[in-house]
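Hi everyone, thanks for coming. I'd like to walk you through one model today, so please have a look at it while I talk.

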Amino acid sequence: MCGIVGVLGKHEAAPILVEALKRLEYRGYDSAGIATVNGGKLGRRRAVGKLVNLSDLLVHDPLPGKSGIGHTRWATHGAPSVSNAHPHQAGPVAVVHNGIVENYRELRAELAENGIDFQTETDTETVALMTEFYLKSGLSPVEAAFKTIDRLQGAFALAFLFDGRDDLIVAARKGSPLAIGHGDGEMFVGSDAIALAPLTDRITYLEEGDRAVVTRTSVEIRNEAGEIANREIRKIQLDQTRTDKGGHKHFMAKEIAEQPVVVAEAIRSYLPTGSDRVVLPDTDLDFSKLDRLTMVACGTAFYACLTAKYWFEQLARMPVEVDIASEFRYREPPITDRTLALFVSQSGETADTLAALRYCEGKADKIVSVVNVPESSIARESDLALPIHAGVEIGVASTKAFTCQLSVLLMLALKAAADRGTLDDDALADHAAALRGLPTLLNAALDQEEAIRKSAQRLSEARDVLFLGRGLMYPLALEGALKLKEISYIHAEGYASGELKHGPIALIDKHMPVVVMAPRDAVFDKTVSNMQEVMARKGKVILVSDDDGIADAKDGVWSTIRMPHAHASVAPILYSVPAQLLAYHTAVAKGTDVDQPRNLAKSVTVE
Ligand code: M6R
């Protein structure tokens with residue numbers, strides 16, 4: 001959470017910082033701020049709320065200077081307010097921070113004992129005050145920053161700027177990502193390459209514990225032990241960092257519409273043309289030598305894992321455990337050396353998922369990740385990272401990353417089935433054909449947008465909504481409910497339809513819309529029985545099904561959403577589209593901030 005940037009440039013820093021922050025706003029938008037050095041003096045501008053408020057402030061109250069740091073905040077310690085907004089300044093030092101300083105109370109107490117006062121409720125102010133304290137003790141800016149960094153526990157990406165030092169930024173990374181951008185007589189710092197893409201295509205990713213002394217013409221990186229560390233300068237693909245809406249009203253709408261293309265790309269990457277066998281970049285991975293699969297993720301990625309559990313169990317007859325990363329990491333589950341540990345993450349930076357991965361290091365046979373950002377921490381710390389090829393996802397609500405994750409996980413399950421001999425050649429060919437036909441079906445699902453928009457119009461008046469599904473549609477019911485609540489703020493729950501009568505049916509009355517995800521599959525009749533139980537209690541059913549399903553079960557429903565027929569294994573990928581569009585159009589009807597819903601951030605890099 002939070003995005004940070006820094007620039008030692010040739011031109012005015014403020015517009016460059018604001019532009020870079022715009023590209024990081026997906027990480028948080030509770031407040032934004034910048035600091036620059038001009039004529040040797042530090043100055044700051046900060047504003048509550050979205051970046052546009054800071055931009056407006058800078059129009060009326062410009063901040064000159066060619067060196068600066070900036071921040072877009074997702075509040076952890078202290079409410080969104082100007083005084084809690086970064087950069088935090090203590091005398092001659094300004095600091096921006098992404099992460100949480102876990103021992104800030106202890107450090108605050110120590111500073112208080114030295115007669116130092118606090119102006120904010122944040123953990124980050126402690127970093128600025130501690131650095132000032134060390135500066136006053138006679139240390140140089142670099143020494144003071146390094147000594148402060150040594151005192152910090154928790155997760156952080158930091159950038160320090162100093163009075164009188166127009167050519168210096170000190171940067172550090174532990175637990176939160178940070179990149180250095182190399183220009184021509186200019187240097188940049190950013191939470192990710194997307195922020196720096198318009199400025200340079202030459203990037204160095206700091207590694208865990210690294211700290212960097214940055215000037216316009218040099219970067220000196222030291223590891224946690226203080227030794228000089230050589231870190232590679234990589235050329236980033238600028239087309240990977242495109243962040244325009246492509247004519248759509250919202251990034252989320254664009255990302256939903258992109259799914260036929262990106263899913264096709266994901267499938268092409270692992271299912272070579274003319275073959276029915278899934279090919280992975282690492283031929284070492286042999287599922288027949290494994291006893292168990294442990295899958296760990298958060299949020300939407302967790303629901304992708306829950307779906308994959310059905311595939312691995314049914315297709316590859318493989319025992320699977322699926323866990324939420326924030327639970328897994330503290331439960332200390334036993335992991336054997338015949339376990340494959342699999343981590344799924346769009347960003348590849350989710351703090352809990354990364355911590356869970358580290359827990360499995362040295363215990364599991366192999367650590368595999370399914371990620372969208374190939375340069376991310378999770379990808380880099382895995383034995384094998386499988387990219388999902390979704391392209392940059394900006395909307396906070398994950399859409400195309402989910403369907404690409406599902407596609408890659410299904411292919412992984414088919415590889416497991418082939419390795420373990422649980423599916424014969426004909427069955428493998430059947431699944432491969434279903435996958436190859438999926439992009440066409442996704443297009444057909446997108447063609448239903450107008451019907452879905454009409455159902456969403458009705459949903460937008462509800463206070464609570466239930467999503468029901470059985471079998472492979474159950475995790476999708478959970479995902480549909482998550483999508484709806486995060487962008488429309490309507491309370492929604494997903495349930496296994498068979499579980500309804502064990503409690504939630506008490507909620508059903510004429511005010512309760514119930515979205516039933518039910519392709520005409522092996523469990524369709526059972527789901528329809530549950531749907532009848534809802535309608536008998538006046539619940540308003542939106543039935544999402546195919547022609548056969550709708551023909552069989554449409555009587556008495558509130559509305560229907562028609563999907564094309566699909567092979568059972570790819571149905572959850574296809575039915576993701578109506579789940580996403582329902583949430584999207586409900587949010588649009590309610591007028592909420594679709595791409596940047598309140599209280600959320602795209603990349604959750606704190607616990
Ligand atoms: O980057 P990750 O896939 O690790 O993120 C996990 C969740 O934070 C994420 O899926 C979140 O739940 C989304 N907002 C859901 O739309």
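**A walk through the model**

A quick word on terms before we go on. Strands count as paired if DSSP finds at least two bridges between them. Helices (H or I, at least four residues) and strands (E, at least two) are DSSP runs, numbered from the N terminus.

And on the source: this is a predicted model, where local features need pLDDT of at least 70 and side-chain atom pairs count only at pLDDT 80 or more, while totals for chains, interfaces and linings use all residues. Residues are numbered from 1 along each chain as its sequence is written, and side-chain values use heavy atoms, with hydrogens and water left out.

Now to the antiparallel sheet. What is the order of its 6 strands? The order is S5-S6-S7-S8-S12-S13, and the sheet is open. S5 and strand S13 (219-222) are the edge strands, each pairing on one side only. From one strand to the next, the twist averages 20°; for angles in this talk, axes are lines fitted to C-alpha atoms, for helices over the stretch in contact, and the angles run from 0 to 180 degrees between N-to-C directions. Inside the sheet, strand S8 (residues 165-174) and strand S12 (residues 211-214) pair in the antiparallel sense over 4 bridges, with Ile-169 opposite Val-214 in S12. Helix H4 (residues 124-136) lies across S5, strand S6 (93-101) and strand S7 (154-162), and runs at about 135° to S6. Contact, for this kind of packing, means heavy atoms within 4.5 Å.

The peptide bond from His-86 to Pro-87 is cis, with omega near -5°, and Pro-87 lies in the loop between strand S4 (67-73) and strand S5 (88-90). Arg-317 is not a glycine, yet it has a positive phi of about 50°. You'll find Arg-317 in the loop between helix H9 (299-316) and strand S16 (320-324).

On to the parallel sheet. Here 5 strands make an open sheet, ordered S21-S20-S22-S23-S24. Its edge strands are S21 (491-496) and S24 (559-562), each of which pairs on one side only. Neighbouring strands are turned by 20° against each other on average, direction ignored. Strand S20 (residues 464-469) and strand S22 (residues 513-517) pair in the parallel sense over 3 bridges, and Leu-468 stands opposite Val-516 in S22. Which helices pack on this sheet? Helix H15 (residues 449-459) touches S20, S22, strand S23 (540-545) and S24, and its direction makes about 145° with that of S24. Helix H17 (residues 524-536) touches S20, S22 and S23, at about 160° to the direction of S23.

Next, the ligand. There are 14 residues around it, and the closest are Ser-345, Gln-346, Ser-347, Thr-350 and Glu-486; a residue counts as near if one of its heavy atoms lies within 4 Å. Which side chains have an N or O atom 2.4 Å, 3.0 Å and 2.3 Å from an oxygen atom of the ligand? They belong to Thr-350 at 2.4 Å, Lys-483 at 3.0 Å and Glu-486 at 2.3 Å. The protein covers 91% of the 410 Å² of accessible area that the ligand has on its own, using the Shrake-Rupley method with a 1.4 Å probe.

Finally, what the record says. An unreviewed UniProt entry gives "domain: Glutamine amidotransferase type-2" for residues 2-217. In the model, that span is 27% helix and 35% strand, with its end C-alpha atoms 27 Å apart. UniProt also places "domain: SIS" (unreviewed entry) at residues 283-422 and 455-597. Residues 283-422 are 43% helix and 20% strand, with end C-alpha atoms 19 Å apart. For residues 455-597 the values are 42% helix and 19% strand, and the ends are 21 Å apart by C-alpha. Bear in mind that such annotations may be inferred rather than shown by experiment.

Notes:
A polar contact is a pair of N or O atoms within 3.5 Å; within protein, one must be able to donate a hydrogen and the other to accept it, and residues adjacent in sequence count only if both atoms are side-chain atoms.
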